[in-house]
Amino acid sequence: MPAAPVVEMRGIDRSFPGVRALKGVDFELRPGEVHGLLGENGAGKSTLMKILGGLYRPEAGEVLIDGRPVTIDSPAAATALGIAFIHQELNQALHLSVAENIYLGRPPVTGPFRRVDWRAMYQGAAAVLERLGAQIDPRATLGSLGVGARQMVEIARALSLDARVLIMDEPTAALTEPEVERLFAVMRSLAEAGVAIVYISHRLEEIFTICDRVTVLRDGQRIGSWPIDQVTADHLITHMVGRQLTERFPKVEVAPGDTLLEVRDLLLRGSSTPVSFTVRRGEILGIAGLMGAGRTELMLAVAGIDRPARGQVLLEGQPLPPGDAAAAIRRGLVLVPEDRRRQGLLTGRSVRENLSLGRLGGLTRAGLIRPRTERQLVDQYVSELGIRTPHQEQSVTNLSGGNQQKVILGRWLATSPKLLILDEPTRGIDVG
């Protein structure tokens, strides 16, 4: 007989301006299980879990912990109930150390004056990072680390809480395969100890690897829940998108043309090995490597955002000035960055403003934006990319992570680029 649920959510409703995000959703979570939560971008997964994590309050419905109704009106209230949340979008104190971020708001203290016990903090941070197999210095400034390392720090923070319920929203999006394997090993040990885990991911292979049960949401409604051994990937995809996807990743054959980009002996600052490669027209070049290998740093230098120590980047045979991103964009080389929140979005501004940003020069007359032309451009890419937004003036912050990513992609596609650099572009993007 299955254990009684540790969490029950009954009839949960939640709306945002122009969008009804959740419509009477039921969800339950049992001790010691890893429960996959699936759905397209904007299906309501993160919203449902933010209600459980105390970031939002439901407009209808109730939440029960161990069979008792509770009011979770803040993240602190959720923490007091033993609920920890690893968010898809990293909101961290980048100017503080790794250890300070892990113990943010609850540092270990000592003595009658309750001073911060720095030694205990660094030792505790080192222990939880070691548990994850993450080779990260607890004393390092968090802002000096890449997104993958910062994601591991966020996971370490959640583990340090010794929570009974752990919500993981796209935790592997920035991790390499070995790091994912280590994380899964930690998750299995937590589940064996009775911790209940909600696992949100668009990577179906991970769902089948780690989850015991799965629930699918679509358009803010619960479609169904099943034991993982009773479903297939095609079954889940059909319920997620409401139709069958006959060809999941269609391959388009293109004969590569002449050389478009040439990188000659590019040496990144702090590196000892120069990098050279070429990209031809119509070609997709993959750049792979473990966390810390320099993939993102290399692309930032090619795009003119960072200045390399030496070397040349040539587009159509002509050098690009180092460290000049504006010149690269004018020449047709654009970058969709790895960290969309810090490097890609104008947070708090509208979908329209974010999407048209790359084309402002072509949308203005006498220094003024032509509103009709701008709206037509935005409508085109909202339609082509399937961006789920009630209107152009919706704050981009209110969109799901996947739809935010589509806005950034649309911004740069609207410039008709010659070369498009995509750094982890599928982070938070659903299978459809």
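Where does Asp66 lie? I looked it up and found Asp66 in the loop between S4 and strand S5 (68-70). Helices (H or I, at least four residues) and strands (E, at least two) are DSSP runs, numbered from the N terminus.

I noted the ground rules next. This is a predicted model, where local features need pLDDT of at least 70, side-chain atom pairs count only at pLDDT 80 or more, and totals for chains, interfaces and linings use all residues. Residues are numbered from 1 along each chain as its sequence is written, and side-chain values use heavy atoms, with hydrogens and water left out.

**Entry: positive phi**

I checked the backbone of Asp66. Its phi is positive, about 55°, although Asp66 is not a glycine. Asp66 has a relative accessible area of 40%, so I list it as partly exposed (buried is under 20%, exposed over 50%, partly exposed in between, with a 1.4 Å probe and protein chains only). I also looked at Ser416, in the loop between helix H15 (401-413) and strand S20 (419-422). Ser416 has a positive phi near 50° and is not a glycine either. At 59% relative accessibility, Ser416 counts as exposed.

**Entry: Val6**

I moved to Val6, in the segment before S1. Val6 is buried, at 4% relative accessibility. Leaving out residues up to four places away in sequence, Val6 touches several residues, including Leu64, Ile65, Asp66 and Arg164 (contact means heavy atoms within 4.5 Å). I also recorded Val6 and Ala163: they are 157 residues apart in sequence and 12 Å apart in space, C-alpha to C-alpha.

**Entry: aromatic rings**

How many aromatic pairs does the structure hold? I found three. Rings of Phe, Tyr and Trp (its six-membered ring) pair if their centres lie within 6.5 Å; planes under 30 degrees apart are stacked, over 60 edge-to-face, the rest tilted. I looked up Phe16 and Tyr56: their ring centres are 5.1 Å apart and their planes at 65°, so the pair is edge-to-face. The pair links distant parts of the chain, 40 residues apart: Phe16 is in strand S1 (residues 7-16), and Tyr56 is in the loop between helix H1 (45-52) and strand S4 (60-65). Phe16 is buried at 18% relative accessibility, whereas Tyr56 is partly exposed at 24%.

**Entry: H4 and H5**

Last, I took helix H4 (residues 118-132) and helix H5 (residues 147-160). Their axes come within 9 Å and cross at roughly 110° (axes are lines fitted to C-alpha atoms, for helices over the stretch in contact, with angles from 0 to 180 degrees between N-to-C directions). The contact is made by Val128, Leu129 and Leu132 of H4 and by Met152, Ile155, Ala156, Leu159 and Ser160 of H5.
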